[in-house]
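Please consult the sequence and the structure below alongside the text.

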Amino acid sequence: MTDLLTLAQRARAAKSAVARLGMNDKTRGLLAIADALEAHERDILDANARDIAHGHEIGLNPGLIDRLTLTPARIKGMADGCREVAALRDPIGEVLWMRTRPNGLRIGAQRVPMGVIGIIYEARPNVTVDAAALCFKAGSACLLRGGKEAIHSSTCLAELMRGALAEEGLPADAINLLEDTSRDSANRMMRLNGYLDVLIPRGGAGLIRAVVENASVPVIETGTGNCHVYVDEHADLKMAKNILVNAKCSRPSVCNAAESLLVHAAVAERFLPLAADGLAAYGVKLHGCERTRAILGSTVVPATEEDWGREYLDFELSVKVVDSLDEAIDHINTYNTGHSESIVTEHYDAAQRFLDEVDAAAVYVNASTRFTDGGEFGFGAEIGISTQKLHARGPMGLEALTTTKYIVYGNGQTR
């Protein structure tokens, strides 16, 4: 097991070589990684089976087991994600603007690599591939530290990716995985000043809070997802039911899944039974306000203040009847995590007010919150969903993993 400082030194030493790679070299490397993942599917599944068995032994909940699990389809998805990233326009070197000053200086802003990007994440082995692919395409080396629950899967994936790069004559140290999953290793990684240019946490609220509060290196905060679906009085109720069931049930363990339903009082008696029927097929447990319980009955658990702000990551949903669009927006802005929010309505003014006034990274009209994803937004893979407002917000693709520098052309000017 290679220690943290050695890995950080390797990443730092490799960053210049990675930054110099041209588009063709990066494409070649990513396609080689994709082919290696598919060629070694059995090895990946065997490593993942060890993680899943351990997860059951330590009592991981079904949502975390789902996040941890790799299948042939998910491995193919990771490989296809690498190919999609390879096909994306290379942002490095792009001149964003160029202006000429009165003294003749030509000053411009150019997109450049970050350098060394650290990522701390939990039980999602696909992040190992997504993060490495995006960092490589963005011209940066990466230092990855996954959770202990997925260590066998992540180690196998990292070794395959490093081997693929080496076989292509490309710097294998562009990708570095820390196998020490202790809390101490995470704490030391948060303080790798001089080695890490930025640190990105991707995981649950506890992990993100720990990194934000304890890191001395710059952090881009990715967020948890207390996402809402608001069914307006002017909603198409059949559409609303389909959107809600998809947003809640298609994959409840992810951060863009809906955790709360708001329903306008004018349609609550008609819509709530429809919603309950659709959700019942998935065994969704409802935590509702008193008006919700009056309509749906005592099978709905009384909602507490904690439920309004809770990210369940499971087949559970909080439900509240509201009297107006204003109340819905106020509720969302009070309890949401700044991730993804959706209104279902046929009323133009209501839709526009929701878009303008809801404070979140992604705001939808008549669509599921499950679309908040780098692939769905056309970014290829993503490094995470940023819920902060500095540098990057929403799904973080290639451009979010770059920075800029000013380039200045002169012809002898002095000041």
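Buried means under 20% relative accessible area, exposed means over 50%, and partly exposed lies in between (1.4 Å probe, protein chains only). The model is predicted, so local features need pLDDT of at least 70 and side-chain atom pairs count only at pLDDT 80 or more, while totals for chains, interfaces and linings use all residues. Residues are numbered from 1 along each chain as its sequence is written, and side-chain values use heavy atoms, with hydrogens and water left out.

**Cysteines**
- The whole structure contains 0 disulfides, a disulfide being a pair of cysteine sulfur atoms within 2.5 Å.
- Cys 135 is buried at 0% relative accessible area; the closest cysteine sulfur, in Cys 142, is 4.8 Å from its own, too far for a bond.
- Cys 255 is in no disulfide, as the nearest cysteine sulfur, that of Cys 227, is 6.9 Å away.
- Cys 255 counts as buried, with 17% relative accessibility.

**Aromatic pairs**
- There are 3 aromatic pairs, counted where ring centres of Phe, Tyr and Trp (its six-membered ring) lie within 6.5 Å; planes under 30 degrees apart are stacked, over 60 edge-to-face and the rest tilted.
- Tyr 230 and Phe 354 are stacked, with 6.5 Å between centres and 15° between planes.
- Both Tyr 230 and Phe 354 are buried.
- Tyr 282 and Phe 315 are also stacked, at 6.4 Å centre to centre and 15° between the planes.
- Tyr 282 is partly exposed at 43%, as is Phe 315 at 29%.

**Charges over rings**
- Arg 99 lies over the face of Trp 97, 4.0 Å from the ring centre; the criterion is NZ of Lys or CZ of Arg within 6 Å of the ring centre and within 35 degrees of the ring normal.
- The charged end of Arg 106 is placed over the ring of Tyr 409, 5.1 Å from its centre.
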